[in-house]
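Morning, everyone. Please have a look at the model on the screen, and then we will walk through it.

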Amino acid sequence: MSSSSSSSSSTFVPKPVQEQLSNGEEFSERYIYKGPDRETVGAHFPVADIQVVDLRKLSYLSPERDEELKKLKSALNSWGCFQAVNHGMSISLMEQTREATKSFFATAKKEKQKYARPEDDIEGYGNDMILSEKQTLDWTDRLYLTIMPIGQRKLQYWPQTPPNFRDVLDEFAKASERIGEEVFKAMAVSLGLDEHCFMEMYGKEPKMYARFNFYPPCPRPDLVLGVKPHADGSALTILLQDKDVEGLQVEKNGQWFRVATIPVALLINVGDQMEIMSNGYFWSPVHRVSTNASNERISVAVFCIPDGESEIEPAGELMDEDRPRLYKTVKNYVDLYFQNYQIGRRPIDAAKI
Ligand SMILES: O=C(O)CCC(=O)C(=O)O
Ligand SMILES: [Fe+2]
């Protein structure tokens with residue numbers, strides 16, 4: 001979740017990446033990534049051996065439940081993410097969501113501008129807020145929307161082109177909400193906790209945001225990233241990846257790996273707030289998105305964010321003499337996240353004891 005801030009105002013709003021290309025302009029050097037690991041941009045990496053977890057096998061009735069819970073725990077401890085299959089979101093809904101996303105970004109500029117993000121809001125179509133002259137820009141155009149709770153949706157930013165966009169997104173949001181809850185419970189059980197432990201911290205009014213990412217082909221994949229390295233500030237992120245085009249990379253022990261696209265799978269990753277709740281048993285992986293010269297790519301990330309009033313802290317049972325408490329109690333972590341992200345620090349470091 002590297003998107004935007006709720007506080008400071010922006011200094012400059014670049015044009016959508018898509019438009020710059022169609023005008024045949026040279027791209028601004030502000031897209032050139034100059035941060036740590038810049039020499040690895042555009043390099044080829046091995047595929048991460050991220051486990052595939054069958055959510056159906058995590059149900060009470062499944063004879064293979066214990067085995068699948070072990071797999072889940074090991075995936076979240078080793079990579080901080082897993083490829084979820086049999087997650088209850090139909091293949092046709094996944095496909096409709098991908099198609100609706102592509103179709104929205106393919107519509108005329110004038111139509112997309114109807115949903116443009118105003119300077120003082122994080123929601124809508126466009127780019128992230130630009131908060132400093134030094135901020136490297138991401139090679140992506142986005143649409144960022146609150147999807148849950150239903151009462152907090154800002155429908156003025158919900159596209160009406162293609163005509164089925166809103167209905168598809170409503171279905172996608174409901175399915176994602178169910179998956180999120182199921183995974184929160186399974187995560188708790190896999191650590192030997194009561195199944196409601198994480199759900200209780202997630203709170204009465206958690207929020208879910210969807211970020212539709214569109215990555216146009218980029219003339220310099222060796223210099224420019226689709227999304228800079230970051231870890232998500234959510235508790236959990238559910239990612240619908242492009243069916244055909246890879247781009248996501250995840251870091252482990254200082255090495256980058258490619259994340260394979262499995263068309264029927266959703267990639268679910270731990271966010272910083274789950275790292276805190278699990279006292280570091282699960283960790284929030286640093287990831288980034290590469291660009292490529294010939295294909296466009298889309299993805300839809302759903303961020304599950306605990307209620308702003310909830311206190312997020314390591315579960316009591318996960319701390320003892322052998323494993324001391326590693327994180328402070330935090331509230332409204334998203335604010336802390338952006339304060340640190342803006343100055344190039346890993347936000348989770350501010351929560352460490
Ligand atoms: O496009 C992707 O695969 C991942 C995007 C991402 O990391 C994010 O939106 O936070
Ligand atoms: Fe992310």
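Start with overall size. With 353 residues, a compact globule would have a radius of gyration near 20 Å, and this chain has 19 Å, which agrees. That radius is taken over C-alpha atoms, and the globule rule is 2.2 Å times the number of residues to the power 0.38. The C-alpha atoms fill a box of roughly 60 × 40 × 40 Å along the principal axes.

Some ground rules. This is a predicted model, where local features need pLDDT of at least 70, side-chain atom pairs count only at pLDDT 80 or more, and totals for chains, interfaces and linings use all residues. Residues are numbered from 1 along each chain as its sequence is written, chains are lettered from A and ligands numbered from 1 in the order in which they are written, and side-chain values use heavy atoms, with hydrogens and water left out.

Now the elements. The chain has eight helices and 14 strands. Those are DSSP runs, numbered from the N terminus: helices are H or I with at least four residues, strands are E with at least two.

Next, the ligand. Where does ligand 1 sit? In the largest cavity. A cavity is a set of points, on a 1 Å grid over the protein atoms alone, where a 1.4 Å probe fits but cannot get out. "Sits" means that more than half of the ligand's atoms lie within 2 Å of the grid points.

Strand 5 (207-215), strand 11 (287-290) and strand 12 (297-305) each give two or more residues to the shell around ligand 1. Strand 12 gives the most, with four.

In total, 14 residues surround ligand 1 (a heavy atom within 4 Å). Among the closest are Arg211 and His287. By class, the shell has seven nonpolar, four polar and three charged residues. Here Ala, Val, Leu, Ile, Met, Phe, Trp, Tyr, Cys and Pro count as nonpolar, Asp, Glu, Lys and Arg as charged, and the others, Gly among them, as polar.

Look at the distances. A side-chain N or O atom of Arg211 is 2.6 Å from an oxygen atom of ligand 1. For His230, such a distance is 3.1 Å. A polar side-chain atom of His287 also lies 3.1 Å from a ligand oxygen.

Last, the backbone. The peptide bond from Met148 to Pro149 is cis, with omega near -5°. Pro149 lies in the loop between strand 4 (141-148) and helix 5 (165-190).

Methods. A polar contact is a pair of N or O atoms within 3.5 Å; within protein, one must be able to donate a hydrogen and the other to accept it, and residues adjacent in sequence count only if both atoms are side-chain atoms. On a 1 Å grid over the protein atoms alone, a cavity is a set of points where a 1.4 Å probe fits but cannot get out, and a pocket is an open set with protein on both sides within 12 Å along at least five of seven lines; lining residues have an atom within 4 Å of a point.
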